[in-house]
Amino acid sequence: MEFAADILNTILTQFQKPTLAFLIGGMLLAAFNSKLEVPEPVYKFIVILLLLKVGLGAGISVREADFMSLAVPALGAAIAGVVIVLLGTVTLARLKGVSRVDGIATAGLFGAVSASTLAAGMAVLDGDGIAYEGFIGALYPFMDIAALVTAIVLARISVARREAAQMAVSGQGTMTMGGAGGGGKRTQISGVDGDMIKGILVDTFRSPAISALMLGLALGIFAKPDSVYQSFYEPLFRGLLSILMLIMGAEAWARISEMRKVAHAYIFYGIAGPLVHGMIGFGIGLAAHHMTGFSAGGVVLLSIMAASSSDISGPPTVRAALPEANPSAYIGASTGIGTPVAILSIPLFMALADMAIGF
Amino acid sequence: MEFAADILNTILTQFQKPTLAFLIGGMLLAAFNSKLEVPEPVYKFIVILLLLKVGLGAGISVREADFMSLAVPALGAAIAGVVIVLLGTVTLARLKGVSRVDGIATAGLFGAVSASTLAAGMAVLDGDGIAYEGFIGALYPFMDIAALVTAIVLARISVARREAAQMAVSGQGTMTMGGAGGGGKRTQISGVDGDMIKGILVDTFRSPAISALMLGLALGIFAKPDSVYQSFYEPLFRGLLSILMLIMGAEAWARISEMRKVAHAYIFYGIAGPLVHGMIGFGIGLAAHHMTGFSAGGVVLLSIMAASSSDISGPPTVRAALPEANPSAYIGASTGIGTPVAILSIPLFMALADMAIGF
Amino acid sequence: MEFAADILNTILTQFQKPTLAFLIGGMLLAAFNSKLEVPEPVYKFIVILLLLKVGLGAGISVREADFMSLAVPALGAAIAGVVIVLLGTVTLARLKGVSRVDGIATAGLFGAVSASTLAAGMAVLDGDGIAYEGFIGALYPFMDIAALVTAIVLARISVARREAAQMAVSGQGTMTMGGAGGGGKRTQISGVDGDMIKGILVDTFRSPAISALMLGLALGIFAKPDSVYQSFYEPLFRGLLSILMLIMGAEAWARISEMRKVAHAYIFYGIAGPLVHGMIGFGIGLAAHHMTGFSAGGVVLLSIMAASSSDISGPPTVRAALPEANPSAYIGASTGIGTPVAILSIPLFMALADMAIGF
């Protein structure tokens, strides 16, 4: 009982902390139909600044990190991305009212990472003076890209199989199609090849979020941005994040209404997903802790990354790659439910890491 | 003579202070037809940040304030809002070329509060190291809402009376209208009832300005945003206010030209109103000083609140509730004349408070 | 050899500094077709803040500067602006594929000043703790306006001469044109008169960049904005500049493609121009150093101002005054090539000033 009480206590204390309070504030604003709106260009700029900050901080730390203490969590992050997508695909396929492609698209977004959620986790840890590896931001693309590539490859295979099946049926009926044509088509549709994966990778790296993060990372590693990082990016970080939380809270509330149009399965997945995925991240982080001394704060952030679902770079990537998937389903489930659940579960992972490792 | 010289001296010194100097700078830019423009989304964001700052600061202070020292100025603020609207309605009704509804709409805006003007007052006091109650921002909605509700109720009554009079006349002529229909209509037009006031209140709380302020207030009271307040909202406050003053100066200059289209009465009211209203606020503040020890800085800010006229949330509320009123009249008088006069009279109220109470 | 090695070493070290690294980062983003974009309103606001900062800083310093130490570099800056335009006009006229008016327009932009490039120079010097006169920003309009007025006057004279020549030819053929009409036309076309120069001056002062700078200058001189300058404008300066460098790098990369449409001469001028112009500024700065003790840091910034080409206020001024000139030529050469070359040559002028005077 003391165990549960401890967790509950940590969670309640955290809800008073600015990061989570602003998220709830944003939800209340939207629930109350307030006309208060942060203009779109300002929102985009705040996201760019946060991603540059996370990237720069990671880059500066990578310079001094030894290879193994970086490689183990990075590999773990990539594994978490793949596992979450596979698990989500299998789970959603069994739920009522979920089409195969919609399920894969949703699982892909939940496997990918939300920079804002990660930033919220960092701000909460900073606020409590809990240390974590500076290079954490560098783990982001490993999990994000692994998840998106897995989801898109899975979806293409699924589409190709269905088309092959349909063609087999229609082929038996008509018999007029030449062998060569059928063969050519088959080669094309089975096409989960190097080119496709390269295409996904290029698209992902060109997306605003990953671009900003990689740019920050590169500048952090190769230039010496420490002074501008400390005088500008660091101090503005928590303040801008509080504004971002307002926006995300309001956005989540607005998206929840879209959930009425899709199967209940998405609501279930949106609530349970972040918690299960966070536990996967927690387990991998714990393993990294025992292997390379990965910090308790690092384990919390890896859990949060795994619990988060992509809100900036993911949706357009999925929309472009899987035009047949229904955005109301995957964006509603991720931005409307998954993101607030993930942010609000930050205190849970803190309580778990405190008990399992100790800050 | 020394008395007047003291006031003049204080005023001249303040005109060199950044807040007022940037306002005058903005006017000069507009007078010179400069193409320099702060983009609209940035302007909106600055206003949101300032309102959140004022709300957060007030909320943090309300936590520690005792009930009476808060309730007395809050009640005073609401009284000031009502008195200013009633006085303005009576005064404007006697002036040439002012329609009844236009007069009420204008008086409503002058009774409501400008967050930017209040923020300017805070920045000027901060710059001179003059203390004031942290909860001052919490008085804003009391005056603002009292004024807007009074104005809209007055206007509805006025419209209802006129329509009733017209119907009586036309009713005598036609006699074909059924009694039931007339009765129904009468019930509707006399309708200054609970629903209407509830509607005005809901609209006011949903307006961006009051939403941002109330959100800041709630977060300040229930969450613990002290650290993000001190590291982000506080330090950015004066800088962003300097930009806002530029915008407001330019906007005022641009609006003055609209005054040519309306009666001279609005120019007279726009200049005299802020000074008279500020004195009403000053009197109420002085009473609160003697009752609960309300500070001299607080008296100055209550005067400035009373002197200010609403520039963000007021105009759309008035436009929605009183579509028959002429925006050139009430926005021209308030934004074009009232706001700069109120901001430029900040040093006057400081000089008065210094003499009456002493900083 | 040691001489060249020293310069090379300084240059390489500077490329790791944030200002230049962010510029190169922006180029890489554009080269990689990243979808990362800083929204237009944010870009405009950053430019306004930087110009206000440069103006305020200059104004605060002008208050304490003695006349001669200010007048000598100001006169030098104006001379540099005129010399660069005359030299550029003569040079470009001799190059293949450059029309007379396009050449003058391009030379005008290269003579005018880029606030961002100047700000980058200041940030680099600040980062290395190298002192310079605070009033440097006040030199900007002297060089900028001298260059733009010279270019537009040259272009008008050129157009007037050509038209006069054409009219002489056509006049011989037709003879139907009345003497009065011809005389009227002649008066108009020869019209490089006071009104025209006044028009250019008014347009230039109304342009956003010069307006913001002059406003900052005036507020710095007549108001006392020191506290808001130190608490807001100064601390945000380097951070916002890093964002601006990203935008300018990406913009330069995007503009380079336009260079394919115009003569190679522009590419040559875009690369050689900033270096030659910087040397002209360096020479004038060195003379000022010997006359009034102008600092080594000041000499570097005067060189950078001369090397820079106008990117904000210049292009619209030139477009409005010389509609017959081809924007692809002059904007491509200045924003696409001239600006990055000028920013990347900052370390060169630092190395030269260190050797010639010593920091």
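In this predicted model, Arg255(B) has a relative accessible area of 22% and is therefore partly exposed, since the buried class holds only values under 20%. Its partner is Glu251(B), with which Arg255(B) forms a salt bridge whose closest N and O atoms lie 3.2 Å apart. Glu251(B) is likewise partly exposed, at 34% relative accessibility. Both residues belong to helix α11 of chain B, which covers residues 226-256, and they are four residues apart, about one turn of the helix.

In chain C, Glu251(C) and Arg255(C) form a salt bridge, with 3.2 Å between the closest N and O atoms. These two residues also both lie in helix α11, here of chain C, at a separation of four residues or about one turn. Glu251(C) counts as partly exposed because its relative accessibility is 32%, and Arg255(C), with a relative accessible area of 23%, is partly exposed as well.

A further salt bridge in chain C joins the side chains of Arg63(C) and Asp226(C), at 3.2 Å from N to O. This pair links distant parts of the chain, 163 residues apart, for Arg63(C) sits in the loop between α3 (40-62) and α4 (67-94), whereas Asp226(C) is in helix α11 (residues 226-256). Arg63(C) is partly exposed, with a relative accessible area of 33%, and Asp226(C) falls into that class with 23%.

How many salt bridges does a search of the whole structure find over all chains? The search finds nine, among them the pair of Arg63(C) and Asp226(C).

Conventions: Residues are numbered from 1 along each chain as its sequence is written. Chains are lettered from A and ligands numbered from 1 in the order in which they are written. This is a predicted model: local features need pLDDT of at least 70, side-chain atom pairs count only at pLDDT 80 or more; totals for chains, interfaces and linings use all residues. Side-chain values use heavy atoms; hydrogens and water are left out. A salt bridge is a side-chain nitrogen of Lys or Arg within 4 Å of a carboxyl oxygen of Asp or Glu. Buried means under 20% relative accessible area, exposed over 50%, partly exposed in between (1.4 Å probe, protein chains only).
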